[in-house]
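Here is a short report on a sheet, its packing helices and a chain contact.

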Amino acid sequence: MTHSYLDLTQVSMEFPISGGSFKALDNVNLQIKKGEFVSLIGHSGCGKSTVLNVVGGLYQATTGGVILEGKEVNEPGPDRAIVFQNHSLFPWLTVYENVALAVRQVFKNTKNKHEMDEWIKHNLELVHMSHALYKRPAEISGGMKQRVGIARGLAMQPKVLLMDEPFGALDALTRAHLQDSLMEIHSELNNTIIMITHDVDEAVLLSDRIVMMTNGPAATIGEVLKIDLERPRGRVELADSEQYNHYRSGVLQFLYKRQHVPEEKVA
Amino acid sequence: MLNKNIFISLLGIDASRREGEVTEKKYDFELLKNKVIGFLELIGFTWFVPMVRLVAGEEPKKQLSEIISRIGLPLSAILLFMFIWAGVASNIKTSLGQLPGPVQVWEQSVGLVDEHHEERAKEKAFYERQEVRNTKKLEENPDAEIKIRPYTGKATFFDQILTSMGTVLTGFLLGTLIAIPLGIACGLSNKLYTAVGPLIQIFKPVSPLAWLPIITMVVSAVYISDDPMFAKSFVNSALTVMLCSLWPTLINTAVGVSSIDKDLLNVGRVIKLNWWTTVYKIAIPSALPMIFTGLRISVGIGWMVLIAAEMLAQNPGLGKFVWDEFQNGSSNSLGRIMVAVVVIGIVGYVLDWIMLTLQKLVSYDKAAVN
């Protein structure tokens, strides 16, 4: 294929505000290959979530557009499953039912009841949640909720899995475990993933490419860093790796030297 | 591999394994105890919980002091109240004699129970007499026409309680049937809510006493039938209850539906739920706790309103009982009215308790309900 799998072309986004409009994104261009893990990193308010929501179809780009496997994206759909930061599980449904709601809707014409049941359990198995199928979100920890959120996303069998700061609200240890799980799943299923993060280590550890965004308004892609670390990656081994630290400082340089003080950029 | 182990212990699998090591019998007992406690907490009988723990032999000292504070404190407050009541009452002379204290009220309540039994006995005797008379008639002439006349004795206090509860439930159910669908519609459509918002705010604080004359006139103009299924007085008070009690449910439903987490709706959009599925799979379940909070307030208002409505509408019920006793003006009247006050309070409390239990049953966040 000459075209890339997911193609963002000249995406700009303007939100109407009182007395005019606010330009959140300006001319964002990004090509993503199938099976690639891409992180979006940048300071708060730089439009990372807007990019994700445009790909997810929740927002419509003002100009430009998104093409996934040769088809234009203009509404939300299960082929671009979203994992939200605050997990967004339905609190009145059990873990199993939360995934089942999505599976029954997405596969209502292609899977029978038994196959759906297997598929739901299989996906919860992937995120190591088989022991809590019939618990409600209020009865499990934040990390587990996020696991279920990921299982729900995976269960839709999306072409691209979109993750909006999936581990942002978790403590460091839980986050590390979830990152390991995510790497495991990614190596097993080879999903295409776009993840928003604030965490430089997380970005370097997980990604094939890190997309660094400039500060808003009119944010755009400042720099793209290719991470050529061999997989599988282990956080302990990488801590001493020169290459890893080189990538890490590259991202830090961008975030804190070139973006933190916008006045310098203007000068 | 190491990672995986940490993982498992973090997920709490370890804890459940430890539970399994406890001998099975003890485990079953623990399970039973926890089930009983869970049930008591669900139905709001939390003061029994320390008793259960005491029976299970769990920290007897702590449980005893818990029992003393949970039951002892309210009990001593009640005793103190009765004491003050008795003291104050003995100093107030009304035109109907002395204001009754707790003892006189207790005597009146016994009297009301006796009256109820007497009335039932009379009723039974009345039907038995007819039976005897009819058999005699049939013996003399097998073709004789037989009639059984219904007993028309006065309604006892307990009949009044049942009537009142029936009326309040009818009014409340009618109100709910209007309030919930309208509330959902308002919650889904901001425009509709903006449109009817002022109307809701204007009608909400209107007293039942103001509605009643209007309802009475409308009902007597519209509800015309030679053989009415419901008495007009019943329809009047039920409709008054409906009009006064539907507002909290309506407002809570609207707020509950409109304040759904946007991300939950976005999940619905991602999996492409249609409008109707979104409403009944996301909007309604998410608003259910709020809806039930509204229903609970509505029942409370309905019960308060009902007594006033019955007084004016002369619908048989507790309100009419109070009014009749007041008009009757015998030396027993004030005592009997006070019995009614206590009963009205207790029934209101029971209704609230039923709603609270239902609310806990449907609520996914148990901690949020109290």
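Two strands count as paired if DSSP finds at least two bridges between them. The model is predicted.

**The sheet of chain A**

By that rule, E7(A), residues 160-164, and E8(A), residues 192-197, pair in the parallel sense over 5 bridges. Leu161(A) has Ile193(A) in E8(A) as its bridge partner.

The pair belongs to an open sheet of 6 strands in chain A, ordered E6-E7-E8-E3-E9-E10. The pairing in this sheet is mixed. Strands E6 (82-83) and E10 (221-226) of chain A stand at the edges. Each has a single partner strand, so one side of each is left without a neighbour in the sheet.

| Helix | Residues | Strands touched | Angle between directions |
|---|---|---|---|
| H1(A) | 48-56 | E3, E6, E7, E8 and E9 of chain A | about 150° with E7(A) |
| H8(A) | 242-258 | E3, E9 and E10 of chain A | about 175° with E10(A) |

**Contact between the chains**

How many residues does each chain bring to the contact? Chain B gives 19 residues and chain A gives 24 residues. On the side of chain B that touches chain A, the elements giving two or more residues are H1 (2-10), H11 (262-270) and H12 (275-313) of chain B. H11(B) supplies the largest share of that side, 6 residues. By class, the side of chain B that touches chain A has 11 nonpolar, 2 polar and 6 charged residues.

**Domains of chain B**

Chain B is divided into domain 1 (2-89) and domain 2 (157-368). The C-alpha centres of these two domains of chain B lie 34 Å apart.

Notes:
Residues numbered from 1 in each chain as written. Chains lettered and ligands numbered in written order. Predicted model: local features only at pLDDT ≥ 70, side-chain atom pairs only at ≥ 80, totals over all residues. Contact = placed C-beta atoms within 7 Å. Helix = DSSP H or I, 4+ residues; strand = E, 2+ residues; numbered from the N terminus. Nonpolar A, V, L, I, M, F, W, Y, C, P; charged D, E, K, R; others polar. Domains from an automatic or database assignment. Axes fitted to C-alpha atoms, helices over the stretch in contact; angles between N-to-C directions.
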